[in-house]
Amino acid sequence: MLGDFAYCNPTKLYFGENSLGYLASELKKYGKNIILVYGGGSVKKNGIYDEVMAVLKAEGKDVAEISGVMPNPTLNKLYEGIEIARSHKPDLILAVGGGSVCDYSKALSVSVNCKEDPWEKYYLKFEEPDCEIIPVGCVLTMVGTGSEMNAGAVITNTETKMKIGHVFADEKIMPVFSILNPRYTMTLPHYQMVSGIYDIFNHICEQYFSGDDDNTSDYISEGLMRSLIHSSRIANKTPLDYEARSNIMWTATWALNTLVAKGKSTDWMVHMLGQAVGAHTNATHGMTLAAVSLPYYKYIMPYGLEKFKSFAINVWGVDANGKTDTETALEGLSAMESWMNELGLVMNITDLGADEAMVEGIADSTIILEGGYKILSRNEIVDILKQSL
Ligand code: NZQ
Ligand code: ZN
């Protein structure tokens, strides 16, 4: 490992079928006023809302609700929540849902006491908060983003068509606790389950495909990817398999809780492309990543050939004997493609609602990052998007 770093992750995790049992003890650490944040209603249908409410009531909390947080939460919804939170003066924000609800709650936590416009400050200028931050706790119901143990908060500005994630540097923005019960994820539709699985996989890829040094993080990443491929195949066939679903949940957390990014540069261009597609189509996050991944990875492969070769051998079990490095690396990508098809992922942006006329606009919404094997030009972005159609 060649990079210097500090590592601190303060999120306390409670994992397993009985993990909600720890909510009461966590709630006792905070004052009476709670903002309960949830999405479009899945938690009401599957009973998680009632379970959480019972604990809040038993603890004597005064609860205000922000409901209807949509997938890919919008800036307008954030403004709406800020008004509710300012009048309720919360001691804790409790997010019950997937990455969208968790991200939204974190964005809210840094915005309630912010004197400036949060979009301008956090998403355009990428500044850190200089106001009081309200602590966030999570009860996770959808697996993929890693939002339960990181300081990321992605918000979409539907007017400017920009979907921007700010990964805050201050670890105070990470949830103070997260409750991870794999059973809570069992009601997810297959589409969401596999989308989340690909999101996890791509988070690992984004941190793996960068750097030339011998790095412990890359070995951890290869192990996480192998575990995910194995469990995803079981969950794809038998979605209610608890062992597979719990492994997937745990892998998601480790894929994006900052650990495997330590001591190395990271890429994140699939996410920049995917988020731009999302800003124009409002498509499901993991599917936007799946739809642009192969054109992108095939394009950058020659610039990071050694790593793509390791990926083929160590993650996909490709036999390199008698093959050139390029042949081995390509075989790895084709194994990945077969697995993606096996899961039923969306493999092009056309199926997500994009068309050729939208490519220039999507390219305009794509933020170019410089941590991967190839810094893309705008023309290269347009080419990759066209190949993703
Ligand atoms: O809104 P409800 O009715 O709850 O339905 C949700 C939503 O429609 C449903 N769902 C969630 N749990 C369920 C369930 N349905 C049945 N049973 C359950 N147990 O699933 C749908 C998707 O939920 P959402 O929270 O949007 O999914 P996800 O967890 O993939 O979050 C996506 C958001 O997170 C951002 C994405 O960009 C996107 O905005 N990301 C956050 C990251 C981070 N914090 O680090 C990193 C990621 O790369 C990602 O960008
Ligand atoms: Zn993601």
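This is a predicted model: local features need pLDDT of at least 70, side-chain atom pairs count only at pLDDT 80 or more; totals for chains, interfaces and linings use all residues.
Student: On what conventions does the description rest?

Tutor: Residues are numbered from 1 along each chain as its sequence is written, chains are lettered from A and ligands numbered from 1 in the order in which they are written, and side-chain values use heavy atoms, with hydrogens and water left out. Local features need pLDDT of at least 70, side-chain atom pairs count only at pLDDT 80 or more, and totals for chains, interfaces and linings use all residues.

Student: Which element gives the largest share of the lining of the largest cavity?

Tutor: On a 1 Å grid over the protein atoms alone, a cavity is a set of points where a 1.4 Å probe fits but cannot get out, a pocket is an open set with protein on both sides within 12 Å along at least five of seven lines, and lining residues have an atom within 4 Å of a point. The largest cavity holds about 70 Å³ of space, and Val143, Thr185, Leu188, Gln192, Met193, Gly196, Ile197, Arg245 and Ile248 line it. Two or more lining residues come from each of α7 (190–208) and α9 (242–255), helices being DSSP runs of H or I with at least four residues, and strands runs of E with at least two, numbered from the N terminus. The largest share, four residues, belongs to α7.

Student: How many residues of the lining of the second largest pocket are charged?

Tutor: This pocket has a volume of about 220 Å³, where a volume is the space filled by probe spheres set on grid points joined across faces, edges and corners. Its lining has 16 residues, and Asp213, Asp218, Glu306, Lys307 and Ser310 lie nearest the centre. Asp, Glu, Lys and Arg count as charged, Ala, Val, Leu, Ile, Met, Phe, Trp, Tyr, Cys and Pro as nonpolar, and the others, Gly among them, as polar. The lining has four nonpolar residues, five polar ones and, as charged residues, seven.

Student: Are Asp218 and Lys307 buried or exposed?

Tutor: The two residues form a salt bridge with the closest N and O atoms 3.1 Å apart, the term meaning a side-chain nitrogen of Lys or Arg within 4 Å of a carboxyl oxygen of Asp or Glu. The pair links helix α8, which holds Asp218, with helix α12, which holds Lys307, across 89 residues. Buried means under 20% relative accessible area, exposed over 50%, and partly exposed in between, with a 1.4 Å probe and protein chains only. Both Asp218 and Lys307 are buried.

Student: How many residues apart in sequence are the parts that Glu342 and Arg233 tie together?

Tutor: Glu342 and Arg233 form a salt bridge, their closest N and O atoms being 3.0 Å apart. Glu342 lies in helix α13 (residues 325–343) and Arg233 in helix α8, so the linked parts are separated in sequence by 109 residues.

Student: What is phi of Asn282 near?

Tutor: Asn282 lies in the loop between α10 (269–281) and α11 (285–300). Its relative accessible area is 53%, so Asn282 is exposed. Its phi is positive in a residue other than glycine, near 60°.
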